Amino acid sequence: MSAQAQMRAMLDQLMGTSRDGDTTRQRIKFSDDRVCKSHLLNCCPHDVLSGTRMDLGECLKVHDLALRADYEIASKEQDFFFELDAMDHLQSFIADCDRRTEVSKKRLAETQEEISAEVAAKAERVHELNEEIGKLLAKVEQLGAEGNVEESQKVMDEVEKARAKKREAEEVYRNSMPASSFQQQKLRVCEVCSAYLGLHDNDRRLADHFGGKLHLGFIEIREKLEELKKFTTEKQEKRNQERLKRREEREREEREKLRRSRSHSKNPKRSRSREHRRHRSRSMSRERKRRTRSKSREKRHRHRSRSSSRSRSRSHQRSRHSSRDRSRERSKRRSSKERFRDQDLASRDRDRSSRDRSPRDRDRKDKKRSYESANGRSEDRRSSEEREAGEI
C-alpha cells in the first residue's frame, strides 16, 4: 500500500465519509445491510486473523474505515443495536473453532498411545506450565517494545519461577513413564486457537505461539464476544427494568383510581354534595344559555314583526290601489255591456217596427232612438265620472 493510500485511509477513519465537505455524494450508508456490522465494531475475524495461518480471506460484506467513523459519530446520539449482529457473527465463528478443537482432540486420542489417568494429569500439568511460560515471555516482549524495562524485568522473574516449576513437573512425569514412551512427542491442542502444542517445546517456540498474531487474535475475538454478551445482557436488563417500572406505574395509577372510587363510596354525602354542585352549575349554565337564546329569539321576533308590519302596510296600500283599479275596470266593462245591450234591443225594435209601419214612421222612430241613445250615453258617462270622483 502506498503512502498516499495510507493517508487516505487514516483520514477516512478519523473524519468519515464527509471529510471533503461533500455530504451529498452518493455513497453507501453504514446502516445498509451490505455493510459488515462486526467491522463497524472493529471485531470482524476477517480483519483480526488476516495474515495468519487461519486467514479467512476477504469478507463478503463491505469494509470501510470511513463508514466506521460515521457509525462512531452517529452512535453517540442514537443506539443502532449493531452489537446483536456482531455477537451473532462472532458466536458462529467461535462455535466453528470449538468444533475444530474437539475434532483435533479426538484425532490425537486415536493416534497417540493411551496412558493412565495419573500420567495424563502429570502431562497436563507440564502443558499448563508451558502455556504460562509462553504467555509471560510474550508479555516481556511487549513491555520491552513499549520501553517499560522495569515491568519486563519483573515479568522475567516470574518466567524463571515458572521454568523451575516446569522442570520439577517434567521430572515427575519422566519418572512415571518408561523411557521409550517418554521420548515420544506428546501433543495437545490449544483451547484458544486450536493449534497443536508439544510437551517438549522450548521456550522460544512457546513464546512464538502465545505471542503470535493467531493466538492473540483469537483471544481478542473471544474477549470481544464476552464483552458483547455482557453489553447485550445489560441492555436487556435495563429494558426489562424500564418495562417493569412502567408496569408498576400503571398498577400504581390503577390502585390510586380504585382508592379514590372507594373513598367516594365511603363518603356518599361528600360525593352527593359534589354531584349537587355540579348539577347546580350545569343547571345555571343551561339557564343562562336558555336566557340568551330567548333574548336572541325576541330580538329576531321583533325584527321580523317590524318587517312584516311594514310589508303588510305596503301590501295593503298596493291592494287598495289594485281594488280601485279593478272597480274602475268593472264599471267600464258594465257600462260598455249596457250600451251594447241597449243598442241590440233598439236594433231589434227597429226591425220589428219596420216590418209593421211605413217608412216615414220608421224614420221618425230611428231619429228618436238615436236621440235617446245619445242621451243615455251622456248620462252613463256622467254617472261613471261621479262614481270615480266619489271613490277618489
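A: Arg204 and Asp208 sit four residues apart in helix α9 (residues 203-210), so about one helical turn separates them. Helices here are DSSP runs of H or I with at least four residues, strands are runs of E with at least two, and both are numbered from the N terminus. The two side chains form a salt bridge, with the closest N and O atoms 3.1 Å apart. The term salt bridge requires a side-chain nitrogen of Lys or Arg within 4 Å of a carboxyl oxygen of Asp or Glu. Arg204 is partly exposed at a relative accessible area of 44%, and Asp208 is partly exposed at 45%. Buried means under 20% relative accessible area, exposed means over 50%, and partly exposed lies in between, using a 1.4 Å probe and protein chains only.

The model is a predicted one, in which local features need pLDDT of at least 70 and side-chain atom pairs count only at pLDDT 80 or more, while totals for chains, interfaces and linings use all residues. Residues are numbered from 1 along each chain as its sequence is written, and side-chain values use heavy atoms, with hydrogens and water left out.

The structure holds 15 salt bridges. One of them joins Lys135 to Glu131, with 3.4 Å between the closest N and O atoms. Both residues belong to helix α6 (residues 117-146) and are four residues apart, about one turn of the helix. Lys135 is partly exposed, at 41% relative accessibility. Asp79 and Lys235 form another salt bridge, their closest N and O atoms being 2.8 Å apart. This pair links distant parts of the chain: Asp79 lies in the loop between α4 (65-74) and α5 (82-111), Lys235 lies in helix α10 (residues 213-266), and 156 residues separate them. Asp79 is partly exposed at 44%, as is Lys235 at 23%. Asp96, Arg99 and Arg100 are joined in a network of salt bridges.

The cysteines form zero disulfides, a disulfide being a pair of cysteine sulfur atoms within 2.5 Å. For Cys43, the closest cysteine sulfur is that of Cys44, at 7.4 Å, which is too far for a bond. Cys97 has its closest cysteine sulfur in Cys193, at 9.2 Å, also too far. Cys43 is buried, with a relative accessible area of 3%, and Cys97 is buried at 1%.

Val62 lies in the loop between α3 (45-48) and α4 and is partly exposed at 30%. Its C-alpha atom is 6.0 Å from that of Arg34, a residue 28 places away along the chain. Leaving aside neighbours within four places in sequence, Val62 is in contact (heavy atoms within 4.5 Å) with Ile28, Arg34, Val35, Cys36 and Leu67.

The chain as a whole has 12 helices and two strands. From the N terminus, the order of elements is α-α-α-α-α-α-α-α-β-β-α-α-α-α. Of its 392 residues, 25% count as buried. Among contacts between residues at least 6 apart in sequence, 69% join residues at least 24 apart. The accessible surface of the chain is about 29,400 Å², and 46% of that belongs to carbon and sulfur atoms. These areas come from the Shrake-Rupley method with a 1.4 Å probe, and for residues only the protein chains shown count as cover.
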